[in-house]
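Here are my notes on the model you sent over.

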Amino acid sequence: MSEEKITMPVSGDEQAVASEARRSFLRKSVAVAGGALAAGAVAGRAVASDVVKDPLPIPPTNKMLGRGVVSVPYGMPSKFEAHVVRRNVEWLTPDTIASISFTPLQDLEGIITPAGLHFERYHAGAVDIDPSTHRLVIHGMVEKPMIFTIEDLKRLPQKSGVWFMECPANGGMEWRGVQMDSLQFTHGMISCSEWVGVSLLDLMKLVGVKKEATWFYGEGADGSALQRSIPLPGAKDQFGKPIPDADKIYKDIIVAYAQNGEALRPENGYPIRLVVPGCEANLSIKHLRRIKFSNKPLVTYQETRHYTDGMPDGRFRQFTLVNEANSVVTFPCPDKKLPGKGAYEVRGLAWSGRGKVKAVDVSVDGGKTWKEAKLVEPVFSKCLTRFTMPWEWDGKETLIMSRVTDETGYTQPTLRQLRKERGTNSIYHKNSIQTWKIEANGEVKNVQIENL
Amino acid sequence: MFKSKTSKSALVAALFAASSMAFAGPYDGIGKQITDEAIKPWDISVFFDGENLPAGKGSVADGEKIYQAKCAMCHGEFGEGAKGYPKMLGDKLEILQKHAKSDEDTVGARGINNLWGHAPTLYDYIRRAMPFFAPQSLSNDEAYATTCYVLYIAEVIGDDKAVCDADFLKKTKMPAQDNYYTDPRPDVKNPRCMKDCMKEAPIVKGKAVVGDVSVGAVKKVGE
């Protein structure tokens with residue numbers, strides 16, 4: 001197409017505003033939402049003056065040749081997306097080796113987290129393991145202890161699913177009061193991927209797990225040799241009390257070797273990891289080297305000193321394995337201010353470790369009234385679910401929040417309800433309703449409503 | 001998503017009872033059988049009751065030398081913690097419980113004497129993951145000695161002449177051993193209210209700044 005065909009003659013007046021219109025065009029083309037109304041409000045002009053009248057400039061990329069194939073053998077995001085990265089909070093941990101980073105949820109769409117943006121949680125740093133020497137051993141209460149290569153595992157029937165992976169400390173800095181003025185830091189300890197691997201049930205059949213086995217544990221090949229006990233039907237704790245959900249958790253478990261279409265990333269457990277859908281992510285042992293079946297839990301460091309929840313009576317809850325239903329508004333959020341009043345689509349994420357999201361309600365009046373949002377397909381079990389709701393902002397202070405109900409009928413609690421039951425020393429499993437306060441200038445703040 | 005009770009138990013029965021058929025499955029030939037002897041170097045996990053503790057022993061005195069050389073820089077000379085790394089000696093359990101009951105912060109007061117299940121798993125963790133910069137570098141005897149010294153400075157054992165081995169650790173009662181209970185959730189019920197859910201104006205607390213705990217002034221929106 002020639003340039004003449006798309007260049008229209010313009011008047012002098014129209015030419016006078018051409019440069020501003022070009023800037024406006026650029027601004028609108030990158031706006032998250034809002035279109036002409038929002039852009040007009042930012043510039044402080046009447047909506048009618050925002051009509052584009054000057055001729056569109058020809059983008060320079062129309063007049064050049066680009067890079068050839070395989071000039072970037074493994075494709076990377078546009079250089080204009082360089083701000084979309086994992087981040088950490090320096091004061092949270094004494095070093096970055098036993099630490100955590102956060103997924104930039106504010107910049108992600110849909111439900112899949114790109115592997116390179118999956119939050120990281122290391123207990124002793126990420127390691128690079130040669131898959132040709134890596135082995136998985138399965139033993140304990142089995143008829144036939146076995147050892148598998150990665151090639152062996154890939155010959156077995158595949159099982160896959162799209163499941164979220166969430167650290168139980170997600171939101172944990174907020175028990176005592178608001179702390180992180182950022183969606184990335186309040187909720188970024190969650191990611192969601194398509195995981196592909198081998199069903200635990202198939203591996204159980206291969207080794208012949210004995211009837212008396214009521215637990216197994218997985219162990220990693222990294223410097224932490226992380227180990228967690230995972231219940232099977234009939235599992236009891238060290239006091240003889242039954243473990244809830246023991247007859248549900250194990251059925252979905254896979255030994256995964258792929259994530260979003262490619263091999264696991266080193267940060268996410270290469271070459272193989274457990275994936276325990278719906279449960280706190282530390283059960284999904286990375287760099288998995290060993291599975292042992294037993295008739296009791298280990299009750300080890302991770303299960304007494306670390307991943308236990310301090311209660312207001314001074315005792316600690318253990319084996320709080322399932323991540324209960326949770327949701328958050330991802331737009332607007334503190335990381336994405338509103339450019340001006342007008343029409344928007346509120347967007348967010350909801351999930352439940354006990355199954356599918358049934359409904360998400362949104363409130364824009366501080367929790368007085370709620371309106372059911374639209375769930376975006378697909379809606380999978382134990383998977384991030386995207387919700388949306390059209391919304392017109394009047395430019396006034398607004399308290400916005402979401403509340404999920406899952407297929408078991410469980411509705412996401414308020415922080416007041418959680419604190420009443422669990423106090424403020426729990427660290428883990430804070431799944432309460434998140435409130436954002438939109439200021440009149442469009443800035444968005446993390447707040448807590450004490451009487452909700 | 002969850003099947004009925006009947007099909008659940010049927011699945012469980014099929015999985016566990018049919019184990020003798022496993023060898024004849026269509027995937028026979030994938031993977032190799034392995035002996036317990038071959039697994040032994042990897043089979044290091046110790047259960048809470050002391051099962052799988054190895055042979056060997058180590059004294060408080062031997063442990064002190066290892067601890068001061070390899071552990072004190074992070075956990076403190078006296079187990080008081082350092083540079084943000086965990087304490088060995090936290091508040092006494094009764095003090096931690098008292099603070100929890102009055103909703104004071106207990107996170108910084110946690111140690112081996114108020115939040116650890118069993119002595120054998122302390123051995124497991126030290127042998128598996130400590131010292132942090134050189135995991136799995138301690139011999140079994142060194143791990144016993146270090147465990148012994150840590151129990152001593154955490155005031156779990158009082159005898160500075162103690163020698164720790166499998167039997168000793170099995171008999172050692174940890175202060176917080178019975179201070180745990182298994183997950184009772186769902187523990188909070190929030191009715192799915194849609195209209196007139198709040199009678200009063202919302203009391204908003206904020207605003208947060210990344211990295212800075214902000215309690216903020218209490219005020220009602222619109223005031």
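1. Let's start with a strand pairing in chain A. E9(A) and strand E11 (residues 273–275) of chain A run antiparallel, joined by three bridges. Within that pairing, Ala256(A) has Arg273(A) of E11(A) as its bridge partner. On terms: helices (H or I, at least four residues) and strands (E, at least two) are DSSP runs numbered from the N terminus, and two strands pair if DSSP finds at least two bridges between them.

2. A word on conventions before going further. This is a predicted model, where local features need pLDDT of at least 70 and side-chain atom pairs count only at pLDDT 80 or more, while totals for chains, interfaces and linings use all residues. Residues are numbered from 1 along each chain as its sequence is written, with chains lettered from A and ligands numbered from 1 in the order in which they are written.

3. Back to E9(A), which has other partners too. The hairpin of E9(A) and E10(A) has two residues between the strands, and Asn260(A) takes a positive phi near 50 degrees in it.

4. Is E9(A) largely enclosed or open? Five of the six residues of this strand (residues 254–259) are buried, so E9(A) is largely enclosed by the rest of the structure. "Buried" here is a count: 20 or more other C-beta atoms within 10 Å of the residue's own, against 12 or fewer for exposed and partly exposed in between, with C-beta atoms placed from the backbone.

5. Now an open sheet that takes in both chains. Six strands line up as E8(A)-E7(A)-E12(A)-E3(A)-E4(A)-E1(B), with mixed pairing. Its edges are strand E8 (227–231) of chain A and strand E1 (32–33) of chain B, each pairing on one side only. E1(B) pairs antiparallel with strand E4 (residues 146–148) of chain A over two bridges, and Ile147(A) sits opposite Lys32(B).

6. The chains also pair elsewhere. Strand E14 (residues 316–318) of chain A and strand E4 (residues 180–182) of chain B run parallel, joined by three bridges. Phe316(A) has Tyr180(B) as its bridge partner in E4(B).

7. Have a look at helix H5 (residues 93–101) of chain B, where Leu96(B), Gln97(B) and Ala100(B) are buried. Seen down the helix axis, the buried residues of H5(B) fall within an arc of 100 degrees (taken from the directions from the axis to the C-beta atoms), so they line one face of the helix. These buried residues pack against strand E13 (309–310) of chain A. After H5(B) comes Asp103(B), with a positive phi near 60 degrees.

8. Chain B has eight helices and six strands, and 34% of its 223 residues count as buried. The contact between the chains takes 102 residues from chain A and 78 residues from chain B, where two residues are in contact if their C-beta atoms, placed from the backbone, lie within 7 Å. Among contacts in chain B between residues at least 6 apart in sequence, 56% join residues at least 24 apart.
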